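Please consider the structure shown below. The paragraphs that follow lead through its covalent cross-links and then through some details of its backbone.

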Amino acid sequence: MRLPAARLLPVSALLLAACAQNNAPGPYTKPEPLDTGDSAAPGPDPYDVVIGPYDVNVRWTSYGVPHIQAADEGSLGYGMGYAFARDHVCTLMDQVVMVNSQRARFFGRGADDIHVHTDFGWLALGVKAQAEAGWAGLDPRMQARLVGYAAGVNRYVEEQGDALPDARCAGAPWLREINHIDLLAYYLAFGLNGSGGVFVDAIGSAAPPDARRAPPPPAERTLARVREPGMGSNGWAIGAAMSETGGGMLLSNTHFPAVGERKWHESHLTIPGELDVYGASLMGVPVINVGFNADVAWTHTVSGAPRFVAYLLSLEPGQPTRYNSRGEIKDMEEHAFQIEVLGEDGALSVEARTLYKSDFGWVMNAPVVGWTPLNAFALMDANENNLEMLPTWFDMNRASSLAEFQAAHERHLGIPWVHTMAASKEGEAWYIDSSAVPNWSAETFAAWRSYVDEQVLAGLFADYGVYVANAADTAFDPVVEAGSRAPGLIPWSAMPQLTRDDFVYNANDNHWLSNPAAPLEGYNALYGPERTARSPRTRMNALYLSERGEASAVGADGKLSLAELEGAALGGRGMLAELLRAGVAERCLTLPSPQVVRVSGADVSVDLAPACAALAGWGGTVRLDDPGAPLWRELVNSGVYDYSEGFAAGRLFAEGFDPARAVETPAALAEGAEADAALAEALALAVARLAQAGLAPDAALRAAQHMQLGDAPIPVPGGTDPEGVIQIATWSAGSGTLLTEGSRAAVLNADSDLTTAGYTMNYGNSFVMAVQYGADGPEARAVMTYSQSEVDGSPHRDDQTAVYGTEQLRPALFSAEAIAADPALVELRLTLD
């Protein structure tokens, strides 16, 4: 089943040595980079900071999880940066090169000048300049955390020297001392996933038509990533009414890549009397992004609401840098930038470029259409300069109640592109989409619908999920209201949220069905439509939480235990199988056989009888030893059915969507000649493609699907999003780094990720965590499916992957007693005078 296009984002030792010799903390010296362009705003020197003194205790328990304890923020950051660097330093260093616009300086121009374009694009987006300008406004505690984190990374790399274990960056000329501004710039860039970060090369290559530098970026490289970060997840918050203990419960089931900068790193942070929080952080981030403390547990799922609006600029004839802004003809702002570029001869040269900005944002070399004599596109970014992102999580980590947790959201409004689910120890369950969304009125949305029908370019981009507005018309101005982080964004009071004592959940659809018993309706149209069909995966999540009975996840008593929560997360059920498997197995026996289908350029005759038998015997799950799961995956993803057919009556479903029965519908296998022909073709293609991979129709996933991080492949469970399973196991090429990230065998079916070696997984279930609050505090179980370290040869390269291959979680050690009792405990005290 095809997904639609819109769903398809050497270190110097001088500083540390000097500080140690003098027995005194020392300041960073401001780097002397190339004069890249627009000068920074005047103000306090952001590099005038003090490093140390630091004293931190890092205790690693089983699976390489660091428990970091210090008496102050700087020391905590020092330990956190050091522990992170052991596992992922090359990934962070790669991203530091990126946000400093130095990829062309170290890696050359790149294919189609991509490094040059992105370097200029990041300069225009201004994340480094914004970090420098915004540094003084950060809470001093956060400043201390970031300065310490950078120093901890630097210490680890300096200690390793030429023996740095990760060969991907060991000895590389771009491996250098980093600082707090590098980190803050990187976080600002991360916030632009789904907006400026998607269009960075389009911004960096933009030029008027008489000076065009490059052809427009292809749609598949840019427009198909506008729903970035292009990641999913499932999140459940369970309230007292459904909890065995009466305390809140949480399931965090994130679907992020196993490669690149979007991985998780697990840790436990403690400042006695102030902070005690456990969970996972995105690469190089010095706070816990998903996790729990003694009072609140939370998780996130990616929100599909738009992070930007593309404004269509009408240009003056013969003057392509003059445009109509709300009825007034204006000149675009010209901004001069320069970068260093490594030539093929190894010499560096300086390259200059002028980029253009409108009232609505940076002008782009727009995908498909570019910049023409008549039109150009500009990007209005909802997450531009989002310096409230880090403070939001910083305060969430410290929340001692759900009310304090909610206040962190309201105070900062820094969540960039995710939904939030949270559960408290008292048994409250809360959902909100507090992400950054443009504040369009109902009238603006109506104007946009008309514009899409009338304007060809607006209609073209709408097909990819891009909102295009008319820059000449004030009807497209966002509404400015009090209570928003920035003018023109939806304010706190208008954000969809729900508090329950039973459950709330999200699986990447919008807010509407956060609890089927209390649909959220009447919210801004840019959050997405209400009272429409939900994805099969959303429906499977809702079914898990809503059904009752001895065979259900919740059980007949309507209460969940921690073991039952874990069992649901790893149970492997899928919505399409729940609805259609029995009917397909029965219908299969009536279909003409053999079927002739074309596979890899050749006609293949397929006997359907083995497929009928396999589906009749399949238990309907994507667990490792349930024979028939690969056959169902290939059927659903055969290419015969479009993804949209999972949302309405047609060749797949007989009964259409009913908003009053949103979890149950669409339902029932479609009947008739057209439906039968489609099913027969899909079944035949599934059998033929599995045969190409050496797999029988009744093969189980244990023989077909694996992750390989260490020396040997490890079988892992999971399926694809169109199947409606909550355990995802697919392949992603979505790494934003330049590091070597592994490969897979020749692809036989791109829709299902079937290769000649079966299914190689590097995307899907990533950090999975189940938490329950009881009389003795929080109890948690978790697994990092791709393990804690990306360093080849590390004992933690694939040890948690092996645990995941047993289809279970492992204890997440939170109490001092549990940590001290761990047989793998290793302790290190780090100090800097």
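In this predicted model, the link of cysteine 90 and cysteine 169 is left-handed, with -75 degrees about the S-S bond. The pair joins distant parts of the chain: cysteine 90 belongs to helix α2 (residues 73-99), whereas cysteine 169 sits in the loop between α6 (140-160) and α7 (180-190), 79 residues apart. The sulfur atoms of cysteine 90 and cysteine 169 are 2.0 Å apart, and because a disulfide is defined as a pair of cysteine sulfur atoms within 2.5 Å, the pair qualifies as one. Both cysteine 90 and cysteine 169 are buried.

By this rule the count comes to two disulfides. The other is formed by cysteine 588 and cysteine 612, with their sulfur atoms 1.9 Å apart. Distant parts of the chain are again linked, with cysteine 588 in helix α15 and cysteine 612 in helix α16 (residues 609-617), 24 residues apart. This link, too, is left-handed, with -75 degrees about the S-S bond. Are cysteine 588 and cysteine 612 buried or exposed? Cysteine 588 has a relative accessible area of 2% and is therefore buried; cysteine 612, at 5% relative accessibility, counts as buried as well. With bonded cysteines counted along the chain, the disulfides follow the pattern 1-2, 3-4.

The backbone deserves attention next. Most peptide bonds are trans, and most residues other than glycine have a negative phi. Against that background, the peptide bond from glycine 52 to proline 53 is cis, with omega near -5 degrees. Proline 53 is found in the loop between β2 (50-51) and β3 (54-61). A cis peptide bond also runs from serine 593 to proline 594, where omega is near 5 degrees. The loop that holds proline 594 lies between α15 (575-588) and β23 (595-599).

Positive phi values occur in loops as well. Arginine 531, a residue other than glycine, has a phi near 60 degrees, and its place is the loop between β22 (503-506) and α13 (536-546). Glutamate 807 is likewise not a glycine, yet its phi is positive, at about 60 degrees. This glutamate 807 lies in the loop between α19 (799-804) and β35 (810-811).

Glutamate 807, by contrast, counts as buried because its relative accessibility is 14%, and the limit for buried is under 20%.

Notes. Residues are numbered from 1 along each chain as its sequence is written. This is a predicted model: local features need pLDDT of at least 70, side-chain atom pairs count only at pLDDT 80 or more; totals for chains, interfaces and linings use all residues. Side-chain values use heavy atoms; hydrogens and water are left out. Helices (H or I, at least four residues) and strands (E, at least two) are DSSP runs, numbered from the N terminus. Buried means under 20% relative accessible area, exposed over 50%, partly exposed in between (1.4 Å probe, protein chains only).
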